[in-house]
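Trainee: Could we go through this one together? I'd like to know where the labels come from.

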Amino acid sequence: MPGRRPTADAADLRERLLDAALACFAAQGIGATSLRDIARRAGVTPALVHYYFGDKLQLQQAVVAERLWPVMAQVQAGMGGADDDVAAMVAGFVAAITRVVAAHPWLPTLWVREILCEGGALRDVMIERIGPLLPRLLMERFAAAQRAGRLNPELDPRLMVVSMVGLTMFPLASAPIWRQLFGAGELGADAVQRHALALLTRGLELGHE
């Protein structure tokens, strides 16, 4: 009941509702998902979803705060202390992305559908919250390395970040297509990581004079 401390069962149910919402958002898009869809996936009544989250917007905000935000923080943490080492920054980012996608396979699809596509419900979240957390930070570090002569001067530090995202998120999101098209079941996260690192590190010209 409102005002009472949640029981363990109540906490588990709340987590299940968040997982169900995330699965629906990734599968059919936030705009096309109703609370009834989420309730059906979680095996509960729509009234119970209302009880825990109020309305769809509040549920969406909870998914961002408790699912998406922690995952992006894991990507940043996975880069360790590679503040000045460009190669380590690139390798850390690529490795962190592949790790979190292996643990959270909904991430690439949600990213493409709700951030990259026009009208995506999470685009503002990307610009206002995730942007300062990682993309802008990486851009600033690349720019500093370029000024110090440790990075190819013909590269744009901003587009370096775009390239890293493009060489990880897109292949991971579209992996089922390429596996079927090329008849290659081995085109998974490990293959994406090796390929992205090979392409990125060849163009960095580290230590450029």
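Mentor: Start with Ile115: leaving aside residues up to four places away in sequence, Ile115 touches Leu110, Leu122, Arg123 and Met126, where contact means heavy atoms within 4.5 Å. This is a predicted model, where local features need pLDDT of at least 70, side-chain atom pairs count only at pLDDT 80 or more, and totals for chains, interfaces and linings use all residues. Residues are numbered from 1 along each chain as its sequence is written, and side-chain values use heavy atoms, with hydrogens and water left out.

Trainee: Why does Ile115 count as buried?

Mentor: Buried means under 20% relative accessible area (1.4 Å probe, protein chains only). Ile115 has 6% relative accessibility, so Ile115 counts as buried.

Trainee: How far apart are Ile115 and Met126 in sequence and in space?

Mentor: They are eleven residues apart in sequence and 6.9 Å apart in space, C-alpha to C-alpha.

Trainee: Where is the kink in H4 centred?

Mentor: On Val64, with a kink of about 35°; the bend at a residue is the angle between axes fitted to the seven residues ending there and the seven starting there. Val64 is also one of the buried residues of H4, which include Val63 and Arg67.

How values were computed
Buried < 20%, exposed > 50% of the residue type's maximum accessible area, 1.4 Å probe, protein only. Helix = DSSP H or I, 4+ residues; strand = E, 2+ residues; numbered from the N terminus.
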